[in-house]
Structure formats: structure tokens, C-alpha cells
Amino acid sequence: MLASLSTESTSNPARPYWTSKSITLPWETWASGATLSMLNYAMETFPLRRIDAWVYAWNPASARVLEKCGFVHEGTARRNAIKDGHILDEWLYGYAPEE
């Protein structure tokens, strides 16, 4: 299995980078392996203090992947997203390692 993600600067000050990297991982560890690989790459490459991740509240599997990688659940944003015409809650996760 190959995961491919990309790096570019954005004009959004709240989300200044979009990162890209190709990695190969076994299927059973793909989600957490890809997330951890990109997390390490981003923290080593860019001067980041923290990384935010948003997860639809109906998707606990994605939340678990973030938790395995060291993200902490920081709250729920009620009615924060629209997907397929449905208004959804989102969970905010944060990764902010100590120096």
C-alpha cells in the first residue's frame, strides 16, 4: 500500500502548510502509520508549535487513529461542518509536543 500526500504553502494563516510525502506501509497499520509518518515529517520540516486535526463526530475510528499518534481531544464544535447536505458536529484534536 502506498500513501501519497503533498507539501505546499497556503494563503490561509490558520493553515499555512499542506504537506506531501510518499510512504509504503502494511495495510493493517496504514492509517496510524501514515498519520504518524506525516506528523513526524511536518514537525521536523516546518517550524510548527502545534497541529490541529478535525474529525466528524460520527467517525470514532479516525479519532482513535489520532489518539494513537499522540493527539489530544480538545473539544466538540457543534454544527461545524456540512457534508452531503447534512450539518455535522466535529471533534477537534490537537498535537502540541513539549520542547
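Helices (H or I, at least four residues) and strands (E, at least two) are taken as DSSP runs and numbered from the N terminus. In these terms the protein comprises two helices and seven strands, which follow one another along the sequence in the pattern β-β-β-β-α-β-α-β-β. The model is a predicted one, in which local features need pLDDT of at least 70 and side-chain atom pairs count only at pLDDT 80 or more, whereas totals for chains, interfaces and linings use all residues. Residues are numbered from 1 along each chain as its sequence is written, and side-chain values use heavy atoms, with hydrogens and water left out.

The protein exposes about 7,000 Å², of which carbon and sulfur atoms supply 53% (Shrake-Rupley method with a 1.4 Å probe; for residues, only the protein chains shown count as cover). Where contacts (heavy atoms within 4.5 Å) join residues at least 6 apart in sequence, 47% of them link residues at least 24 apart.

Strands β5, β7 and β6 form, in that order, an open three-stranded sheet with antiparallel pairing; two strands pair if DSSP finds at least two bridges between them. Both β5 (51–56) and β6 stand at the edges with a single partner strand each, so one side of each is left without a neighbour in the sheet. From one strand to the next, the twist averages 30 degrees (axes are lines fitted to C-alpha atoms, for helices over the stretch in contact, and angles run from 0 to 180 degrees between N-to-C directions). The antiparallel pairing of β5 with β7 extends over six bridges, and tyrosine 56 has glutamate 90 in β7 as its bridge partner. Helix α2 packs on the sheet and touches β5 and β7, its direction making about 10 degrees with that of β7.

Aromatic rings of Phe, Tyr and Trp (its six-membered ring) pair if their centres lie within 6.5 Å, with planes under 30 degrees apart counted as stacked, over 60 as edge-to-face and the rest as tilted. The count by this rule is two aromatic pairs. Tyrosine 56 and tryptophan 58 have ring centres 5.5 Å apart and planes at 10 degrees, so this pair is stacked; tyrosine 56 is partly exposed, at 25% relative accessibility. The rings of phenylalanine 71 and tyrosine 95 also have their centres 5.5 Å apart, but with planes at 45 degrees, so this pair is tilted. The latter pair links distant parts of the chain, with phenylalanine 71 in the loop between α2 (60–68) and β6 (72–83) and tyrosine 95 in strand β7 (residues 86–95), 24 residues apart. Phenylalanine 71 is buried at a relative accessible area of 8%, and tyrosine 95 is buried at 18%.

Notes:
Buried < 20%, exposed > 50% of the residue type's maximum accessible area, 1.4 Å probe, protein only.
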